[in-house]
Amino acid sequence: MSRVRDTKRVHQALFLTMMVWGFNLSAVKGLTESLDLMLVASVRMVLATLVLAMLSVFFGGARQPWAWKKGLLLLAAAFFLVYSQQIA
């Protein structure tokens, strides 16, 4: 019974993600018509980071602690990935 309930929750989460994604595309299209593209992209990235951080704190029950070196490498990779996508 628990497996069926978990599968149902996953499907509901995927459906909600799809709905938010669809709304996000139309909202970004409207925002980029009136605001600077880089401003919209920057705000979206910051909001996405905050949401993912909150979700990882809320659902991250059995995670292993990271060493500082791995954390810094992850931040550097994320920064350069985002920066590379913005200038491309």
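Start with α3, residues 68–87. This helix gives the most to the lining of the second largest pocket, with six residues. Keep in mind throughout that you are looking at a predicted model.

**Stop 1: the second largest pocket**

To find the middle of this pocket, select M45, T49, L52, A78 and V82, which lie nearest its centre among the 10 lining residues. Colour by helix and you'll see that α2 and α3 are the elements giving two or more residues to this lining. The space in there comes to about 400 Å³. Now colour by residue class: what kinds of residue make up the lining of the second largest pocket? Eight are nonpolar and two are polar, with no charged residues.

**Stop 2: the largest pocket**

Next, clear the selection and pick T17, V20, A48, V51 and L55. Of the 17 residues that line the largest pocket, these lie nearest its centre. Its volume is about 670 Å³. Which element gives the most here? That's α2, with nine residues. Keep the class colouring on: this lining has 12 nonpolar residues, three polar ones and two charged ones.

**Stop 3: a nonpolar patch on the surface**

Switch to a surface view and select L31, L35, L39, V43, V46, L47 and L50. Together they form a nonpolar patch with about 600 Å² of accessible area. Helix α2 turns up again, as five residues of the patch, the largest share, come from it.

**Stop 4**

Zoom in on V46, one of the patch residues. It sits in helix α2.

Now jump to V28, over in helix α1. V28 has a relative accessibility of 17%, so it counts as buried, the cut-off for that being under 20%.

**Last stop: a distance to check**

Key:
Residues numbered from 1 in each chain as written. Predicted model: local features only at pLDDT ≥ 70, side-chain atom pairs only at ≥ 80, totals over all residues. Heavy atoms only, no water. 1 Å grid on protein atoms, 1.4 Å probe; cavity = no way out; pocket = protein on both sides within 12 Å on 5 of 7 lines; lining within 4 Å. Points joined across faces, edges and corners; volume = space filled by probe spheres on them. Helix = DSSP H or I, 4+ residues; strand = E, 2+ residues; numbered from the N terminus. Nonpolar A, V, L, I, M, F, W, Y, C, P; charged D, E, K, R; others polar. Patch = residues over 30% accessible without salt bridge, like charges linked within 9 Å, V, L, I, M, F, W, Y side chains within 5 Å. Areas by Shrake-Rupley, 256 points an atom, 1.4 Å probe, with all protein chains shown as cover. Salt bridge = Lys/Arg side-chain N within 4 Å of Asp/Glu carboxyl O. Buried < 20%, exposed > 50% of the residue type's maximum accessible area, 1.4 Å probe, protein only.
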